[in-house]
Amino acid sequence: MRGWLRRRLRLPAPPTAGTAGAAPDMAAFASLADWQAAAALPRVQAQHHITLQVGAAAGAGGWPGWCGLCREPVVFALPSAAAGQAANLREEMSCPRCRLIARNRAAFALMLDGLDLDNADVYLTEQASLAYVWLQAQCPGLQGSEYGLDDATRARLQGWYASLGGQGALNERDVTRLGFADASLDAIGSFDVLEHVPDYPAALREFARCLRPGGRLVLTAPFIESAYDSVLRARLRADGGVEHLLEPEIHGDPVSGGVLCFHHFGWDLLDACRAAGFARAEWARTWSPREGLFGLWTLVARR
């Protein structure tokens with residue numbers, strides 16, 4: 001992260017260039033062909049081999065490094081490796097201070113870079129989450145939402161949100177019909193949500209509609225880096241029921257217990273973003289061992 005965030009949080013100045021405080025190494029790719037060319041480079045192949053050894057190197061003690069959001073040395077938690085399992089470098093590597101996992105930290109580094117947090121209008125497609133609660137403390141113009149809030153679910157989720165430190169009442173929005181005015185947002189963050197939206201192109205069109213010119217969409221989702229075509233795992237029938245095309249895949253949820261995954265995305269998601277009205281769309285790959293970020297993929301699209 002840059003100096004504006006350090007000043008906003010009143011944190012110490014970052015170390016000099018080349019130390020653990022340097023910005024993450026990020027490379028952006030506009031097509032599968034671009035990535036295939038990069039993936040053949042010895043440096044990138046070496047990164048792959050290093051990634052396979054992170055769990056063994058971390059062991060039960062975690063991964064010592066530097067949190068780019070907190071701007072301090074930390075030990076990232078890697079409980080999968082501590083339990084002798086395959087290291088989950090995407091959903092773990094949580095910072096003990098901000099409590100954010102690797103994919104959230106990588107996404108925020110891209111989403112917040114150069115953004116004036118004091119004055120920006122930002123929306124996250126989530127609210128009862130550590131990511132939202134962390135950003136809520138930094139950005140007065142932040143809004144978020146959940147979906148499918150009947151009375152019982154709202155009560156349970158509101159309690160969970162409060163336990164995380166969240167402020168205010170939960171909002172409910174459908175990402176295919178957000179209800180914001182045209183060109184009213186500076187940034188949208190969607191973290192592992194789009195794969196649960198049956199009509200994801202409608203959500204992308206809505207994101208583009210709501211963003212101001214130059215505004216950014218930053219999203220994470222299951223991504224098949226070797227494939228152009230996305231995989232459709234399930235779809236809605238005309239009667240509203242679900243047709244499973246592959247074995248049902250349920251992603252964990254703190255309240256409901258699980259949400260069905262409809263899509264695993266390929267590089268064609270970039271084309272879907274461009275068709276939705278984004279001027280530019282790329283998959284960004286972040287490699288920063290010091291920040292516990294090992295080849296994580298994040299989509300960045302500009303209005």
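This is a predicted model: local features need pLDDT of at least 70, side-chain atom pairs count only at pLDDT 80 or more; totals for chains, interfaces and linings use all residues.

Q: What does the radius of gyration say about the chain?
A: The radius is taken over C-alpha atoms, and the globule rule is 2.2 Å times the number of residues to the power 0.38. For 303 residues the rule gives a value near 19 Å for a compact globule, and the chain agrees, at 19 Å. The C-alpha trace spans about 55 × 40 × 40 Å along its principal axes.

Q: What share of the residues is buried?
A: Buried means under 20% relative accessible area, exposed over 50%, and partly exposed in between (1.4 Å probe, protein chains only). Here 50% of the 303 residues are buried.

Q: What share of the contacts joins residues 24 or more positions apart?
A: A contact means heavy atoms within 4.5 Å. Among contacts with a separation of 6 or more, 64% are between residues 24 or more positions apart.

Q: How many salt bridges does the structure hold?
A: A salt bridge is a side-chain nitrogen of Lys or Arg within 4 Å of a carboxyl oxygen of Asp or Glu. The structure holds 16 of them. One of these joins Asp25 and Arg43, with the closest N and O atoms 2.4 Å apart. Asp25 is in strand 1 (residues 25-29) and Arg43 in helix 3 (residues 42-58), so the pair links distant parts of the chain, 18 residues apart. Asp25 is partly exposed at 30% relative accessible area, whereas Arg43 is exposed at 53%.

Q: Where do the partners Asp121 and Arg212 lie?
A: Their salt bridge has its closest N and O atoms 3.0 Å apart. Asp121 sits in the loop between helix 5 (102-111) and strand 4 (122-124), and Arg212 in strand 7 (residues 211-220), so the pair ties together parts 91 residues apart in sequence. Asp121 is partly exposed, at 27% relative accessibility, and Arg212 is partly exposed at 28%.

Q: Is Arg233, the partner of Glu249, buried or exposed?
A: The side chains of Glu249 and Arg233 form a salt bridge at 3.9 Å, N to O. Glu249 is in the loop between strand 10 (242-244) and strand 11 (250-251), while Arg233 is in the loop between strand 8 (231-232) and strand 9 (234-236); the pair therefore ties together parts 16 residues apart in sequence. Arg233 is buried, with a relative accessible area of 13%. Elsewhere, salt bridges with shared partners join Arg90, Glu91, Arg103 and Asp192 into one network.

Q: Which residues does Val259 touch?
A: Leaving out residues up to four places away in sequence, Val259 touches His196, Glu249, Ile250, His251 and Asp253. Val259 lies in strand 12 (residues 259-260) and is partly exposed, with a relative accessible area of 30%.

Terms used. Residues are numbered from 1 along each chain as its sequence is written. Side-chain values use heavy atoms; hydrogens and water are left out. Helices (H or I, at least four residues) and strands (E, at least two) are DSSP runs, numbered from the N terminus.
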